[in-house]
Amino acid sequence: MKDFLHKLELPEFIKDSRLTASMIIILSLSLLGSVIAMIMNPLFGLAMVLIFILTVAFAIYGTYILAGNANNFAVNLSYRIKRSEQEAMIKMPLGILLYDSDHQIQWVNPYLQLYLKDTDLVGHTIEAVDPDLNKLLNEAIEAKTSENHIVDWDGHRFEMVVQDNLGVIYLLDITRYAKIEDKYKAERLAIGQIFIDNYDELSETMHDQELTSMSSYVQNTLSNYAKKFKAYLKRIDEDHFLLLVHMQDLAEMEKDKFSVLDKVRQETSRNNTPLTLSMGIAFGSDSLSEIANQAQSNLDLALGRGGDQVVLRQPGKDARFYGGKSNPMEKRTRVRARMVSQAISELFKDADRVFVVGHQRPDMDSVGSGIGVVKLARLHGVKANFVLDDTNKTNYDVGRLVTRMQQKNQDKDIFISPEEALSEVTDKSMLVMVDHSKYSITYSQPLYDRLKNRIIVIDHHRRGEEFPENPMLTYVEPYASSACELVTEMIEYQQPANGKRVLTDLEATAMLAGIVVDSKEFSLRTGTRTFDAASYLRSIGADSAVVSMLLKEDIDSFLERTHLVATLKMVKPHMAVLCGPDDKIIDPIITAQAADTALDLENVGASFAITRRSSDTIGISARSMGKINVQIIMEKLGGGGHLSNAATQIKGVTIEEAKQKLLKAIDEYEEEND
């Protein structure tokens, strides 16, 4: 039976052994029934035999017909599939090119032929026919992947697949869909918040007519700027605007570098009513609520960095900064200082312990302001300490201060090691960050992690992206000379009722030393409030002679700094670079002092000191007299800081390589500010 079925060339489903077995069983039972019927009744048995023979004949005939129909169907289906494949190869919008090991063209389907515009292609190399296509092919082969990737070729956009082992290129034209995608991206909405930085301060000194004129000028200038870039502008407060703009128009604003900031600043300065604008713009999310919240966060960042700038950032991505060319204006009032002082006092009362931390390698400003906050907390009966490991090597000025304070019985318990602080912290403890706001440079990161939801920030540096997420209180004033200046004003509003002094003479001296160090002896970033703070500290016992003694430089540091200054080279007009040896680690404080010293030289408006910090890290300290914004230059290298005082660290490079990166950043800065 199997041989017979095989000769019929039956389809596979009929050749199945289970079906064959079923047919044999049925026929056997039929034959058996015929035999039994013949024994019982010959006439009835004869009829059954005839029926059995007819059944077998019908089954064989039906099987033959079924096999023929199935074979015809399979042949027809196979033909149609092959014909469809051929038609697809020739007519469908998919370019196919076959090539050999020498990249000579062996075959091209008609669709791809339309793009190559040459009838005689076979036997020519791809490079000879189209160099751009050959370049794309080589790039795909070097990538060593057969995955789809998007390429631009011949004015079109294609999804390209290269199977080099088979010698075939597939090109699917997706230009139409790419245009739809580009249009979607171009018309996505960005939300901006615009704020007039010093509107309140100017309005207090203006007559109604002058204020109206100034307000109208800002409104008209911003409206014209928005109209130029097809944006929607709505004034929602006297000093606050809402901006809605498409991504394609926002890109044009970026190319324009938000020139409206310079226009407003320059024109209002000529009229003796200097105004600056800050903007926070967000985009890139499907949720308008998320974009709006990010825009407000970006505006807060712009204001925290001193204003007069634009911050662009989409949720979860790095920020881009524009502007920030001017020194931050003094916007703090004594009312604000008093309010912050009262607010921090209330927060201290709810804490069982206050820990104060400065930045890594703390300087006199960090330590001095930290001591001031400790005494402020203790004034309200809260146990407080400044986190400092005095057993490790510290800067010479901080080391002298710690030694002198430990000799005084009333000051010896101010400091606590990071390990002790971590062992004594509780859920009701509070962490105060002074003179910094970045997690990466905080003195005790484990302590930060433990109290990250109970943090107060007191800082005079521009706010960066690494700012704590949910601080309980923020007092960031970029125009202030030092953190000691900010803390001093807070202490002025916290005089105890019983007449006891908040600070001892030595503690006041330490805070005065912090102001002297960060203001470069009152020559940089010094406002009227700086002198007021210094005057107050002198009035409560700060000794300028002790300040001088604390800040005296040791001989070894002096010689090392002098050798570093001796390497000074002018790389641009008014820009100097100092480079230490690549095989020697130099203290960051000495590096910063060398950059400061270079500013004292004629025709030096900005200085950059490059030294090795560790075996794999190069540090750059940047200083400026104010006209050159070294903060922007350092941000291009991953750092930050102040307009006139900034720094960065670069890993895995040599001194010379770091210098080349710096020169490139300086060139970019100059191009942006031409």
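The buried residues of helix α15 pack against α14 (364–379), β14, α19, α21 (544–550), α22 (555–565) and α23 (588–599), where helices (H or I, at least four residues) and strands (E, at least two) are DSSP runs, numbered from the N terminus. This is a predicted model, in which local features need pLDDT of at least 70 and side-chain atom pairs count only at pLDDT 80 or more, while totals for chains, interfaces and linings use all residues. Residues are numbered from 1 along each chain as its sequence is written, and side-chain values use heavy atoms, with hydrogens and water left out.

**Helix α15**

- In helix α15, which covers residues 396–406, the residues Tyr396, Asp397, Val398, Gly399, Leu401, Val402 and Met405 are buried; buried means under 20% relative accessible area, exposed means over 50%, and partly exposed lies in between (1.4 Å probe, protein chains only).

**Helix α19 and its partners**

- Helix α19 (residues 505–518) packs with helix α20 (residues 528–539) at an angle of about 155 degrees, and their axes are 9 Å apart; axes are lines fitted to C-alpha atoms, for helices over the stretch in contact, and angles run from 0 to 180 degrees between N-to-C directions.
- α19 and α20 are therefore roughly antiparallel to each other, given that angles under 35 degrees count as roughly parallel, over 145 as roughly antiparallel, 65 to 115 as roughly perpendicular and the rest as oblique.
- The crossing in which α19 passes α20 is left-handed, a term used if the near helix is turned anticlockwise from the far one by less than a right angle, with right-handed used if clockwise.
- On the α19 side this contact is made by Ala508, Met511, Leu512 and Ile515, and on the α20 side by Thr530, Ala533, Ala534, Leu537 and Arg538; contact means heavy atoms within 4.5 Å.
- The residues of the contact of α19 with α20 comprise seven nonpolar, one polar and one charged, where Ala, Val, Leu, Ile, Met, Phe, Trp, Tyr, Cys and Pro count as nonpolar, Asp, Glu, Lys and Arg as charged, and the others, Gly among them, as polar.
- Helix α18 (residues 483–492) also packs with α19, at an angle of about 140 degrees and with axes 9 Å apart, and α18 and α19 are therefore oblique to each other.
- Here Cys484, Glu485, Val487, Thr488 and Ile491 of α18 meet Met511, Gly514 and Ile515 of α19, and by class this contact has five nonpolar, two polar and one charged residues.

**Aromatic pairs**

- The structure holds nine aromatic pairs; rings of Phe, Tyr and Trp (its six-membered ring) pair if their centres lie within 6.5 Å, and planes under 30 degrees apart count as stacked, over 60 as edge-to-face and the rest as tilted.
- One of them is the edge-to-face pair of Tyr115 and Phe158, with 5.3 Å centre to centre and 75 degrees between the planes.
- This pair links distant parts of the chain, with Tyr115 in helix α4 (residues 110–116) and Phe158 in strand β4 (residues 156–163), 43 residues apart, and both Tyr115 and Phe158 are buried.
- Another pair is formed by Phe386 and Phe415, whose ring centres are 6.2 Å apart and whose planes are at 80 degrees, so the pair is edge-to-face.
- Phe386 lies in strand β13 (residues 384–387) and Phe415 in strand β14 (residues 415–416), so the pair ties together parts that are 29 residues apart in sequence, and both Phe386 and Phe415 are buried.
- Ring pairs also link Tyr111, Tyr115, Trp153 and Phe158 into a cluster.

**Positive phi values**

- Most residues other than glycine have a negative phi.
- Asp154, in the loop between β3 (149–153) and β4, has a positive phi near 55 degrees although it is a residue other than glycine, and at 37% relative accessibility Asp154 counts as partly exposed.
- Arg361, in the loop between β12 (353–357) and α14, is not a glycine either and has a positive phi of about 50 degrees, and at 34% relative accessibility Arg361 counts as partly exposed.

**Two buried residues**

- Ile628 lies in the loop between β21 (617–624) and α24 (630–635), and at 11% relative accessibility Ile628 counts as buried.
- Leaving aside neighbours within four places in sequence, Ile628 is in contact with His574, Met575, Gly605, Ala606, Ile633, Leu643 and Tyr669.
- Leu202, in helix α8 (residues 199–204), is buried with a relative accessible area of 14%.
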